[in-house]
Amino acid sequence: MSPFLDLPPLGAARFAAIEDRVAALLHTRADVIVMQGEALLPLEAAIRGAVRPGSTALNVVTGPYGQTFGGWLRSCGAEVVDLAVPFTGAVSAAQVAEALTARPEIDFVSLVHAEAATGNTNPVAEIAEVVRDHGALLMLDAVASVAAEPLPTDAWGVDLCVIGGQKAMGGPAGVSAVSVSDRAWARITANPAAPRRSYLSLLDWKERWTDAGRTVLPHAPAQLEMLALEACLDRIEADTLDATVARHRAASAALRAGVRALGTLTPYVVEDRAAAPVATTLLTPPGLDATTLATTLDPALPVQSGGGALAATVLRVNHYGPHASLDTVLAVLTALADHVPGGDGHLETAEKAWSEALAD
């Protein structure tokens with residue numbers, strides 16, 4: 001008998017309990033809605049709910065997801081100010097402040113915390129303070145940062161925080177969540193263009209589920225994905241969130257140090273402070289195609305070529321969930337050394353960096 005079939009129904013009380021545990025993961029007292037789809041669902045729902053025609057939005061672009069958000073914002077009828085920086089680093093709070101000062105009418109800011117595709121991460125705490133002082137709403141894509149980096153949603157003042165289970169949480173891609181602040185609910189409720197009677201409608205969830213006491217689900221839940229999300233939360237809580245975050249940071253630090261010791265490849269994100277703990281991107285030297293290299297490695301290793309324009313020149317090592325381990329880092333370094341010979345001592349260097357990162 002398959003363990004995936006003939007399961008007992010997932011009731012409203014259990015669904016609500018999972019939402020509460022997600023809220024605890026995000027350190028938020030705001031409403032949290034677990035949505036039945038990949039994280040693009042709540043990301044688009046948040047933008048279409050909070051952005052009205054004729055408004056002005058600042059869209060921070062540090063990778064491909066920022067580019068996606070710009071398209072959605074424009075289709076909502078907003079004037080979009082794109083703040084694009086090189087994907088090899090992070091945006092600064094000063095750059096965001098300058099953009100907001102230049103356009104005082106900006107009332108919505110979209111920002112990606114960490115871009116797994118490019119391996120960079122942005123200083124959300126400082127940026128969020130600037131956005132809040134300006135009076136704009138902040139939507140944060142934390143899909144690649146949740147469980148890999150600290151995410152104190154309320155303390156930072158994030159209005160819409162979207163997460164997914166498929167990266168550092170080590171879980172399913174088919175379920176995701178968004179926290180919605182009181183300020184964000186007020187904006188969505190006042191927006192005549194916000195989706196209603198739609199799969200993209202946060203207001204439908206609020207009225208039919210959250211405000212109704214969370215006793216009757218508005219539709220049949222994605223049961224397998226919800227159970228997998230629950231299992232992810234079990235594992236993180238057993239390990240502790242602090243330890244889970246520390247493992248991801250240590251994996252990133254160890255791999256970057258080991259690659260530098262090897263010498264043939266170089267970190268794509270130049271500065272360590274701008275490197276995302278959830279994934280490390282590596283620049284291949286001229287003449288070495290990243291896609292070809294990725295296909296020659298053991299498929300069990302969490303290594304792939306970069307996406308889009310980066311496919312030929314960037315290798316991506318994912319530190320997702322259980323792969324945020326010293327054993328995985330050493331296995332990746334060993335495989336890379338077999339295919340791109342370089343200097344010696346890369347394994348010892350990685351082990352030292354792992355220990356130092358965990359001690360910080």
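Contact, in what follows, means heavy atoms within 4.5 Å. The model is predicted, so to speak of local features a pLDDT of at least 70 is needed, side-chain atom pairs count only at pLDDT 80 or more, and totals for chains, interfaces and linings use all residues. Residues are numbered from 1 along each chain as its sequence is written, and side-chain values use heavy atoms, with hydrogens and water left out.

Let's start with Thr 244, which is found in helix H10. Helices (H or I, at least four residues) and strands (E, at least two) are DSSP runs, numbered from the N terminus. Setting aside its neighbours within four places in sequence, Thr 244 is in contact with Ala 147, Ile 236 and Asp 239. Thr 244 is buried, at a relative accessible area of 2%; buried means under 20%, exposed over 50%, and partly exposed in between (1.4 Å probe, protein chains only). A polar atom of its side chain lies 3.0 Å from the backbone oxygen of Thr 240.

What about H9 itself? Its 17 residues (223-239) should span 24 Å at 1.5 Å a residue, and the end C-alpha atoms are 24 Å apart, which agrees. The expected span is 1.5 Å times one less than the number of residues. Met 226, Leu 229, Glu 230, Cys 232, Leu 233 and Ile 236 are buried in H9. They cover an arc of only 155° around the axis, so they sit on the same side of H9; the arc is that of the directions from the helix axis to the C-beta atoms. Their cover includes helix H1 (12-25), S1 and helix H10 (241-262).

Now for the strands. All five residues of S9 (176-180) are buried. Ser 176, Val 178 and Val 180 are on one side of S9, with Ala 177 and Ser 179 on the other.

Last, the core. A nonpolar core is a set of buried Ala, Val, Leu, Ile, Met, Phe, Trp, Tyr and Cys residues joined through side-chain atoms within 4.5 Å. The largest has 92 residues, and Phe 108, Ile 163 and Met 169 touch the most other members. H1 gives the most to this core, with seven residues. Apart from it lies another core of 27 residues, including Leu 282 and Ala 350.

Note on methods:
Polar contact = N/O pair within 3.5 Å; in protein donor to acceptor, adjacent residues only side chain to side chain.
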